[in-house]
Amino acid sequence: MNKVILMGRLTRDPEVRYSPGQNGDQFAISRFSIAVDRRFVRKAQDGNDVTTDFFNCTAFGKQGEFVDKYLKQGTKVVVVGRIENDNYTNKNGEKVFSVRVVAEEIEFAESKKNAEQSGNFGAPSGGFDSTPKDASADGFMNIPEGIENDLPFK
């Protein structure tokens with residue numbers, strides 16, 4: 001089984017490109033990197049503390065479109081996917097070994113309100129807003145007067 005679940009913040013804005021799909025439509029390919037905090041501190045060989053790991057991620061198709069539309073640097077997300085080898089030979093003929101996470105599911109890990117308060121703006125301004133238009137300041141929807149008898153619960 002090859003499954004990974006990561007929660008972290010995007011380290012930079014995603015790089016998105018579109019290529020022709022099988023049906024002549026556009027197919028999104030999004031590349032991004034997330035920083036994941038470690039639970040415990042580890043000492044590196046140079047003596048510095050390592051508290052964060054960085055993972056390169058790729059999302060395809062609908063997930064790639066989601067990344068393109070809603071994510072940017074600082075957005076806190078949960079990524080569920082699989083790990084793939086991303087090995088290649090560089091210009092000097094040296095073999096480079098690396099891995100990437102192929103994102104199969106991506107979800108916001110904090111509300112837009114919390115992101116704005118902490119200075120990490122997750123969604124583009126004027127974009128995705130999960131708060132209902134008729135919600136009060138506490139985030140709950142206001143119930144109109146006089147419908148108490150129509151509610152399915154008491």
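Arg 82 and Glu 84 form a salt bridge in this predicted model. Their closest N and O atoms lie 3.0 Å apart. Arg 82 also pairs with Glu 104, at 2.8 Å from N to O. Shared partners join Arg 82, Glu 84, Arg 100 and Glu 104 into one network of salt bridges.

The count of salt bridges comes to seven. Another of them joins Glu 65 and Lys 62. These two are three residues apart in helix α1 (residues 61–70), so about one helical turn separates them.

| Salt bridge | N to O distance |
|---|---|
| Arg 82 – Glu 84 | 3.0 Å |
| Glu 104 – Arg 82 | 2.8 Å |
| Glu 65 – Lys 62 | 4.0 Å |

Lys 62 is exposed at 66% relative accessible area. Glu 65 is partly exposed at 31%. Arg 82 is partly exposed at 29%, as is Glu 84 at 24%. Glu 104, at 41%, is partly exposed.

The largest nonpolar core has 15 residues; Phe 32, Ile 34, Val 77, Val 79 and Ile 106 touch the most other members. Strands β1, β3, β4, β5 and β8 each give two or more residues to this core. Beyond its sequence neighbours within four places, Val 77 contacts residues including Leu 6, Leu 10, Ile 34, Leu 71 and Ile 106.

Ser 33 lies in strand β3. Its relative accessibility is 5%, so Ser 33 counts as buried. The Ser 33 side chain reaches the backbone oxygen of Phe 55 at 3.4 Å.

Definitions and conventions: Residues numbered from 1 in each chain as written. Predicted model: local features only at pLDDT ≥ 70, side-chain atom pairs only at ≥ 80, totals over all residues. Heavy atoms only, no water. Core = buried A, V, L, I, M, F, W, Y, C linked by side-chain atoms within 4.5 Å. Buried < 20%, exposed > 50% of the residue type's maximum accessible area, 1.4 Å probe, protein only. Helix = DSSP H or I, 4+ residues; strand = E, 2+ residues; numbered from the N terminus. Contact = heavy atoms within 4.5 Å. Polar contact = N/O pair within 3.5 Å; in protein donor to acceptor, adjacent residues only side chain to side chain. Salt bridge = Lys/Arg side-chain N within 4 Å of Asp/Glu carboxyl O.
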